[in-house]
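Biologist: Hi! Could you walk me through this one?

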Amino acid sequence: MDDRFTDQVAIVTGGARGIGEAVARRLASEGAVVVLFDRLADEVNEAAYRMSADGMPVESMAVDITDEDSVKTSIAEVVAQHGKLDVMVNCAGIVGPNNTKITEYETTAFDEIYAVNLRGSFLMTKFAIEPMLAQDYGRILLYASIGGKEGNPGMVGYAATKAGVFGLVKGVGKEYAETGVTVNGIAPAVIRTPMVDAADPEMVKYMTDRIPMKRTGSLEEAAAMSAFIVSRENSFSTGYVFDLSGGRATY
Ligand SMILES: NC(=O)c1ccc[n+]([C@@H]2O[C@H](COP(=O)([O-])OP(=O)(O)OC[C@H]3O[C@@H](n4cnc5c(N)ncnc54)[C@H](O)[C@@H]3O)[C@@H](O)[C@H]2O)c1
């Protein structure tokens, strides 16, 4: 079970820290060559350095997933350098305003969260799927959120854009269901990361209280499920958003 990604090439966005870093570490530890994309140039280089120091083949690129040209050319560069692309996990995302009702929610903040969480997911999928189709194999995983399913109050931009990721996964998954490329999502409840540490403690309590297991998820749990979703053995699921919520999601 520890070599599921031997000879595979993966891109993980948001790879500088948090869930992205944990997913990248897991894929690389199971044999993938991983290229981290993140808009934090120094941090993403450091993350790649840490993993390389642990003997894992991890590279980094400074990429802002809201920038179409950068997404397009960076993915092309990975394919040119490594000959192919087998896996793309889009973890890059932002929380945006929280504990903020819609009347107080700045429209510019909504535009920004849309650009990262939904438009960025769209761009990464649009350009990552092409080299996968060319080889009749690929695995795409987009990070959504339980907030997109249930709609956490006070974070309308987050809830709306993550709900959009559900639609993206379902639509694109069906478009390519007869190819060897699968497109799935994952909807975590609270996973302990810097993003959660930066959120309003009241919001975090609201979210944790709703988890029947009464705890946050761990980075290892997120990485383990992500790795399964993008593994070759997960071959009969596409257009589906997997649950990772400690029992909170019941549908
Ligand atoms: N942590 C949780 O509890 C939780 C719950 C549900 C969903 N999620 C989702 O999981 C994903 C990862 O979350 P996390 O907690 O690891 O967050 P994080 O804030 O720790 O890491 C997110 C990473 O994405 C990068 N990023 C943000 N905007 C970017 C852009 N435009 N281009 C490139 N990189 C960008 C950041 O620089 C950062 O390195 C996010 O999509 C988040 O919405 C997280």
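Modeller: Around the ligand, α1 (18-29), α4 (107-134) and α7 (194-198) each supply at least two residues of the shell. Helices here are DSSP runs (H or I, at least four residues) and strands are E runs of at least two, numbered from the N terminus. This is a predicted model, where local features need pLDDT of at least 70, side-chain atom pairs count only at pLDDT 80 or more, and totals for chains, interfaces and linings use all residues. Residues are numbered from 1 along each chain as its sequence is written.

Biologist: How many residues surround the ligand, and which are the closest?

Modeller: There are 29, and the closest are Gly-14, Gly-18, Gly-93, Thr-193 and Met-195.

Biologist: Switching topic, at what angle do α1 and helix α9 pack?

Modeller: About 55°, with α9 covering residues 219-229 and the axes 8 Å apart. Axes are lines fitted to C-alpha atoms, for helices over the stretch in contact, and angles run from 0 to 180 degrees between N-to-C directions. α1 and α9 are therefore oblique to each other (under 35 degrees is roughly parallel, over 145 roughly antiparallel, 65 to 115 roughly perpendicular, the rest oblique).

Biologist: Thanks! And where is Asp-136?

Modeller: Asp-136 sits in the loop between α4 and β5 (138-143). Its phi is near 55°, a positive value in a residue other than glycine.

Biologist: Why does Asp-136 count as exposed?

Modeller: Because Asp-136 has 9 C-beta neighbours inside 10 Å (20 or more other C-beta atoms, placed from the backbone, means buried, 12 or fewer exposed, in between partly exposed).

Key:
Near = placed C-beta within 6 Å.
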